[in-house]
Every structure is written in C-alpha cells, then in structure tokens.
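Take a moment to find your way around the view first.

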Amino acid sequence: MALSRAERCLVLLLRLLSRACLALLALLPPPRAGPARAAPRAVPPPRRALLLLPARRLAELLRARQVPPAARGGGARAAGVPLSARGTYHPRPGEGERGRRVSVACVEVVEAYVERIKEVNPLINAVVKDRFEEALQEARQVDKLLAESPGDDCLEEKFPLLGVPITVKEAFSLYGMPNTSGLVNRRNVIATSDATVVSRLKQAGAIPLGVTNCSELCMWYESSNRVYGRTNNPYDLQRIVGGSSGGEGSVLAAAGSVVGVGSDIGGSIRMPAFFNGVFGHKPTTGVVPNDGQFPNAQGVRTSYLCTGPMCRYAEDLEPVLRVMAGPGVSKLKLNEKVSLEKIKFHCMDHDGGSIFVSPVDKEILQAQKKVVEHLESDLGVRVQHVAIHKMKYSFQIWSAMMSSKDSEGQEPQRFTDLLGDHGKPVWPLWELVKWLVGMSSHTLPAIALGLTEKLVNLNLSGKAKLVSMGKSLQEEMEALLGPDGVLLYPSHPTIAPKHHSPICMPFNFAYTAIFNVLGLPVTQCPLGLGREGLPLGIQLVAASYNDHLTLAVARYLEKAFGGWVLPGEV
C-alpha cells in the first residue's frame, strides 16, 4: 500500500516541525525535576543484597522467616556476597553464610526499599508520591500474621506475594494516592478506592510503596508532565525512561521496587521495560481487567488497552500475572509445561522500512542476532527468518484502528476532551501558542497529539483500507505463530534516546503499538547493556492466549544473557 503524496508531505512536515520544536526546547530552562549538570551520570548501585532478591524468592523466605545474613547486611559486592550474572543472590533454602537459620522481619525488607527510594529518587524522580508510613504499618501486620501462623502451609496459596514491596503507575487508583495521570486539571484528585489489579495485589500480600510517574494522559513515550516533571533513566540520567509507564521502569531498574503495575495501549509497558533493562509483559487482550485507571479505554480501544506486570526478574512475571488476572487467568495456559526445543521460533529484524520510523540500530540488530545464534546452538532449533510485508504499515494500521468505531458505532473519546477532563475540550492550536510563551499547562507532545488526532479521518477510504489490513495482519500472525510459535522482534528502533529527542521521531513506538491492535501477548526481555552502558532487549510475541510461551522463553533468555544489570557499575 503506497503512501499518497499528501501522506508523504505530512511526514516531511511533521519531521520539520519536530526538529523546530526540539530547537525551541533547547532554549527553555530544564524541568524542575531534572538533575543538575553536576549530577552523576547514573544512579549508584544498591548497597544491600536484600534488594536483589526476586519477589517470589523474597515472599518464600519471609513466609519461612528466613533471609540470608549476607542479604540483610551491607554492600552486595563489598561483603563478598555470591551474585549471579544478573546480580541476584542465591542462598540455599533457609541457610545463611555458614548454614545458620535466621529470621527476618517484613519491616526490615520494606525499610530497605524505602531507604533505596530515598537514595535514588532525587536523581530519577520516579516515585511521585510515597506511602512509606502506611507501607511500614502493613509490614508490621505481615510480621504479626507470620508470628501467629508458624508453619502455616496455606500461606503461599493465600498470600503468594506476602510482604513483597511494589510500586504502582500513578494512572491507577491506589487508595489515598493522587490519580492525575500527569494532567494539571486533576492535580487535586485523590483516589478513594483501589484499581482492581491493585486490590488483587494487596490481597495477595503485596505492599505498595507509592505511585510512579507517567506521561500526560499516558499517551507519549517520554514520562514527563506539568504536575511532576520529568523522570530520568537510572543508567544515564540524560536519557528517557520511556512511557507511559516510565516511572515504573525507572524505579524497578534502580532497585527501588521489585514488581510494578503498568498499562499498555501502544507499548507503555514494553518501551519503559526496554529502555530501563527490566521485564514487562503485555498479556493477551481481555485477560487482566483495566478498571480503576485514568484514562480508561472506551469503544474499540477497550480491545487494545492491556494492564500487566513489570518486574526486575523474569521468574516474577508469571506469579504476578496470575494475581492480576484473577479468574481471567483460566483463559491462559500457565500450567502447561513448555518444551523450548519444540517451540517454532521466527525472527524479523525490522518492520520492512517504514518512512515513519527510524532505522533499527545496528547494536539492537546484533543483540537479536546473538539471541538467534544462541537458540540454534543451545536448543538445536532452527529460527526461521520472516518478512511480513504489512508490518511496514504498523503506525498507519495502529492509528486507523485506534480511531475507528466499535461494533456499536461508537466513536473513541477524543484526546482533546480528555485534556479538558470533563470540562471544555482543549483547543490545541491555542495551547501551542501558549506553550511557545511558556503559559500552557500541557506538554508539547500532548498538544501535538491534539493537533493531529483529526488527520487520520481526512481520508476515510484510506482509513478503512488500513483497518482491513490490520485485521488481515492479525489473521496472518495467528496463522504464522499457531499453538507453538514465538516471534523475535525489535523492541524499538533505537536504544534509550536523550531527553526531548522523541519529538523528532514521534512514531517510533510503532514497533510495540502494532501488537496492541493485533491483541497478541508480548514479553519484553532485556539482553544486557550496549557499548554506551544502556539496556538492550527484544520482544517475544506469541499467538493469543499463549502467554506461557513468551514467559518461558523470557526465563530462558534471562539465564543466557543475564537479564537485569545493576546500574551504576558500568
């Protein structure tokens, strides 16, 4: 499907405007939350090995009242604590450095995470509102429960995440916490209840430490807004964290949390997971409830928005997904044993050369090539290289399907209405004028989206063709992947760019967004650090309801390539 002359002119115009806006941004003073020029390049590595335990292991040890002495003490490396390649301490069950059984209080765990957040948050601005006192009180309740229930074999079934510190994207309701989604008009909104997934995690024993930053109305891939300012990448403070669940990605990578709650309608879980070197999972559509977040999807977009887990360790994705999904987990096949040697692996190096997005960095292509080589040499499988022509139109397909009517003829909610938050719709052109003189309460990407959201409806026949192409692509993908297929696909064309740079490449999110409108499950998997000390990664895609395949491959690749890497040590 060739681009029309008008579309080509539009692309050129948008690129020129993006570069002009970037030049203007360079003249403005830095956001109040950004680091001073004398700040370090990255966050310091965590000093306590207690912060390096996966959530599943941490809950297991808390239920047994056991955490190894080395993990409770000071510096992980300095203390000579044996760490795996991914920086995780692996003691023998119930034993310390000399086989001594020791007990630990949940309060100690929460205090360690509180201390870590206080250490790194002035640099990364990820946690925008904490609930440390409430978390410590909940930790004391966990300790009381454990003291009163010694040897209770039912605790794991009742509370699989007992005592595990988590963080929550600010777009989700967490009782007593702000729920603005970065919108100035909502700066006084305080949640009076918990979102469904937050409630389920709490019931499973998890302890929320606070809420984290996001982009304005969760519709941009740099987490910056006029309410909380900008969030920075733990590996390089001058780089973005992605969006819209960027605060989650940042605090997880900085070892300020071990599990996070994210949402994804165009890559909002996977891009932050990629840029920050952690794991993220966009489940099959309709498995995890989206209730209790703002803005929530309406119309056709309810089929594209997904809520899912973000974790530092691959082994935590499945148990957290089970809790989040609740009864919906029955739609998945998480109890099925996966034989990696029997998976049919497919690989696609790029989208085919769309003019809307940047070419894929050689470093990202090289990392993906290493994965292919490892799979073939270690598992004895043959990875089939594919070229799916329709993927070249990922951005156009996503845009057309996001703006289409649902089966009942309902139009999706306009972004300008959301910017007004139930008041008068925002006039984007006037907001742009106000922004140029520093008077707008909105970010430039939000204003730009408001200006361009009507463009997709200028060519209704072309839009209909793109929607039809999207449905055809979905059928093609389902047929290719089948019951035992996994596709390897780049997470993004570039590694984490510098702040403000996304305005020059606004459509690069198409590499993740296409899978939202296709409804497929995708796991974002880190692949270590590149030559600049920034995270690399890959997307693992399966057919609908085959989440268990991508999760299993993620666990395998974590062992092979190291997974999350300690920041500040490279």
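The notes below cover a residue in a strand, then a helix and its surroundings. Please keep in mind that this is a predicted model. F345 sits in strand β9, and the buried residues of helix α16 pack against that strand, among other elements.

- F345 belongs to β9, which covers residues 344–347.
- F345 has a relative accessibility of 2%, so it counts as buried, the cut-off being under 20%.
- Leaving out residues up to four places away in sequence, F345 touches L340, L375, L379, V381, R382, V383, Q384, V486 and V553.
- E376 is 31 residues from F345 in sequence, yet their C-alpha atoms are 9.6 Å apart.

**Helix α16**
- Helix α16 spans residues 460–481, 22 residues in total.
- From first C-alpha to last, α16 reaches 32 Å, close to the 32 Å expected at 1.5 Å a residue.
- Directly after the helix, G482 adopts a positive phi of about 55°.

- Buried in α16 are G462, K463, L466, V467, M469, G470, L473, M477 and L481.
- Looking down the axis of α16, these buried residues fall within an arc of 160°, so they line one face of the helix.
- An α-helix has 3.6 residues a turn, so residues three or four places apart point the same way.
- The other side of α16 holds the exposed residues L460, K465, E475 and A479.

**What the buried face meets**
- The buried residues of α16 pack against strands β9, β11 (485–489) and β13 (535–541).
- They also pack against helices α12 (394–402) and α17 (510–518).

Methods:
Residues numbered from 1 in each chain as written. Predicted model: local features only at pLDDT ≥ 70, side-chain atom pairs only at ≥ 80, totals over all residues. Heavy atoms only, no water. Helix = DSSP H or I, 4+ residues; strand = E, 2+ residues; numbered from the N terminus. Buried < 20%, exposed > 50% of the residue type's maximum accessible area, 1.4 Å probe, protein only. Contact = heavy atoms within 4.5 Å. Expected span 1.5 Å × (residues − 1). Arc of directions from axis to C-beta.
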